Amino acid sequence: VVPRAPLTGQFKETDWSPSVTLTWQPSRDVNVYGKFAEGAKGGAFSEFQAVTAATFILRPETSKTYELGSKFSFPDVRGFLNLALFTTKYTDLQKSSLDINTASFITSNAAGARTKGIELDAGFRPTDALRVSFAAAYLDATYTSYPNGPCRFPTQVGCTTQDRSGDRIQNSPK
């Protein structure tokens, strides 16, 4: 373990995260909704080995989500169909990634990210003993701004940061 200079810091934060959902039920078997929500994850202190005064404090992460959806039921076949469209915009997304030069994990803020997609699920019960269902989802999750992101693997020796803006968020499916 290589000793590092002691770092000190403090921050104070408050948050208000509203959520609003509007629903409309034009018939007993149809429900349509729209939702807006804000979210937040508090700031923190970063403790990785190569931390500097500039990377010691993680800024709070915030998000804004919009969702539109509908739910249909089909009593004659004991079935249902649900559809949802969504998008979430993140500001100062907190990300943990491996620094290949020091073999340590670093948590830092990506300037921005966005997820968007669609979900569909459906099913019916032809008999009391059998239920048939189907679900599918499409997700597009990318960094909208990440100028000082971790180096891609494989990378050149000595790389410390790379612009990851436009890259897919790690561990998110294609």
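Q: Where is the place of aspartate 92?
A: Aspartate 92 is in strand β6, residues 79–99; a strand is a DSSP run (E) of at least two residues, numbered from the N terminus. The model is predicted, so local features need pLDDT of at least 70, side-chain atom pairs count only at pLDDT 80 or more, and totals for chains, interfaces and linings use all residues. Residues are numbered from 1 along each chain as its sequence is written, and side-chain values use heavy atoms, with hydrogens and water left out.

Q: Why is aspartate 92 called buried?
A: Buried means under 20% relative accessible area, exposed means over 50%, and partly exposed lies in between (1.4 Å probe, protein chains only). Aspartate 92 has 17% relative accessibility and therefore counts as buried.

Q: Which residues does aspartate 92 touch?
A: Contact means heavy atoms within 4.5 Å. Not counting residues up to four places away in sequence, aspartate 92 touches Arg59, Pro60, Glu61, Asn109, Ala110 and Ala111.

Q: What makes threonine 107 partly exposed?
A: Threonine 107, found in strand β7, has 27% relative accessibility.

Q: Why are phenylalanine 11 and phenylalanine 45 called a tilted aromatic pair?
A: Rings of Phe, Tyr and Trp (its six-membered ring) pair if their centres lie within 6.5 Å; planes under 30 degrees apart count as stacked, over 60 as edge-to-face and the rest as tilted. The centres of phenylalanine 11 and phenylalanine 45 are 5.2 Å apart, with 50° between the planes, so the pair is tilted.

Q: Why does this pair tie together parts that are 34 residues apart in sequence?
A: Phenylalanine 11 lies in the segment before β1, whereas phenylalanine 45 lies in strand β3 (residues 44–45), so the pair ties these parts together.

Q: How do you know that strands β1 and β2 pair?
A: Two strands pair if DSSP finds at least two bridges between them. Strand β1 (residues 19–27) and strand β2 (residues 30–41) have 7 bridges in the antiparallel sense, so they pair.

Q: What makes the largest nonpolar core a core?
A: A nonpolar core is a set of buried Ala, Val, Leu, Ile, Met, Phe, Trp, Tyr and Cys residues joined through side-chain atoms within 4.5 Å. The largest one has 7 residues: Leu93, Ala110, Ala113, Ala141, Tyr143, Tyr146 and Ile169. Strands β7 (104–127) and β8 (130–145) each supply at least two residues of this core.

How values were computed
Helix = DSSP H or I, 4+ residues; strand = E, 2+ residues; numbered from the N terminus.
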